[in-house]
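Hi,

Here is the structure I promised to pass on.

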Amino acid sequence: MPETTAVLSYAPKDPFVVADVRVDEPRDDEILVRIEAAGVCHTDLVNRVAGNQDRPVLLGHEGAGTVESVGSHVRSVKPGDRVVLSFRSCGACVNCAAQRPAYCRDAARLNHFGVRGDGTPRVTADGRPVLDGFFGQSSLAGYALASQDNTVIVGPDIDPVIAAPLGCGFQTGAGAILNLLKPRAGSTLAVFGAGAVGLAGVLAALAVDVETVIVVEPAVQRRTLAESLGASAAFDPSDDPISAIREITGGGVDYALDTTGSPKVLADAVKALAVGGAAVAVGLGAGVPSIDLRDLVMRGKSVHGCLEGDSVPSIFIPQLLALHAAGRFPVDRLVTSFAHGDVNTALAAQHTGEVVKPVLTW
């Protein structure tokens with residue numbers, strides 16, 4: 001059982017704790033990955049509510065590293081392969097068969113915390129089980145147990161710090177643009193929220209020659225970054241951005257991406273659309289947006305939900321890495337690496353807007 005350090009949550013509002021843990025050897029269908037880098041996503045922070053004093057939680061769903069060993073039934077990867085870990089899917093249901101694994105009918109069971117079928121722990125701390133299995137990886141540790149369906153082989157020279165966020169955050173923003181909206185060259189786009197997901201969407205749009213990209217974001221550092229990446233303009237939400245968007249584009253944008261999970265912001269994104277425009281929501285918020293039905297129908301607008309960028313990770317992650325290698329998807333400008341022992345410093349910097357995507361290293 002490999003010994004390593006992990007970033008654990010013992011209570012929802014307490015700081016993360018770096019602790020020594022043991023990770024079990026892989027069973028027949030499992031893959032043991034030596035984690036070199038793991039992104040920290042908003043989803044990790046939301047799911048800390050599962051923690052308690054008796055059973056700490058091991059989060060992490062953007063892991064990257066090297067395969068250490070594999071179970072006897074594993075054929076898709078071998079020790080020494082460099083990999084990125086993403087979300088799990090069954091591969092057999094109607095949605096998986098339609099190349100939409102994010103909507104797998106068994107997604108809840110496969111991606112939420114859980115134990116092995118026989119009840120044995122994958123990870124222990126001080127001899128006690130740790131609640132793990134998050135997105136089939138729980139990769140905020142020096143080792144993670146994954147499965148064939150969420151382990152994506154990448155090139156041997158890939159920087160794990162850059163690759164790790166492709167497992168979820170960057171995949172979500174870029175996929176909403178490239179896989180769902182599929183904007184035409186010369187078109188216009190508004191992005192609401194300039195965090196890791198939103199800025200990945202900005203970069204993806206620029207990679208396919210969207211002519212005008214407008215960002216709406218409250219943090220001045222992130223508005224400045226968006227413009228330096230190539231956004232045509234960036235506005236604070238308090239500055240009547242809808243009027244500004246309409247003025248710049250001559251009536252509205254062709255496409256809009258809402259990353260905030262706010263019903264009000266999604267309603268604003270729909271208002272910002274031109275005739276025939278399409279908005280996509282990727283933020284898991286709560287509530288009902290106040291969308292003008294007459295505007296929606298009379299102006300031929302559409303609204304889409306999108307999970308995990310509507311992507312097939314084994315296909316899409318290598319595509320994004322190829323775009324990055326060609327200089328067309330510079331997500332390295334969104335990433336700041338921290339030693340995993342500095343996890344709470346990393347989160348504080350993300351909260352202030354100083355850092356877009358913190359990535360922890362082992």
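**The aromatic cluster**

Phe-113, Phe-134 and Phe-135 come together as one aromatic cluster. Before going on: this is a predicted model, where local features need pLDDT of at least 70, side-chain atom pairs count only at pLDDT 80 or more, and totals for chains, interfaces and linings use all residues. Residues are numbered from 1 along each chain as its sequence is written, and side-chain values use heavy atoms, with hydrogens and water left out.

Rings of Phe, Tyr and Trp (its six-membered ring) pair if their centres lie within 6.5 Å; planes under 30 degrees apart count as stacked, over 60 as edge-to-face and the rest as tilted. By that rule there are two aromatic pairs. The ring centres of Phe-113 and Phe-134 are 5.0 Å apart with the planes at 20°, so this pair is stacked. It links distant parts of the chain, 21 residues apart: Phe-113 is in the loop between helix 3 (107-111) and strand 7 (123-125), and Phe-134 is in the loop between strand 8 (128-129) and strand 9 (143-146). Helices (H or I, at least four residues) and strands (E, at least two) are DSSP runs, numbered from the N terminus. Phe-134 also pairs with Phe-135, edge-to-face, at 4.9 Å centre to centre and 70° between the planes. Phe-134 and Phe-135 are both buried, and Phe-113 is buried too (buried means under 20% relative accessible area, exposed over 50%, partly exposed in between, with a 1.4 Å probe and protein chains only).

One place to look is Tyr-255, whose bridge partner in strand 15 is Ala-278.

**Glu-68**

Last, Glu-68 is in strand 5 (residues 63-70). Its relative accessibility is 38%, so Glu-68 counts as partly exposed. Val-33 is 35 residues away along the chain, yet the C-alpha atoms of Glu-68 and Val-33 are separated by 5.3 Å. Leaving aside residues up to four places away in sequence, Glu-68 touches Leu-32, Val-33, Arg-34, Pro-79 and Tyr-143 (contact means heavy atoms within 4.5 Å).

Cheers

Conventions:
Two strands pair if DSSP finds at least two bridges between them.
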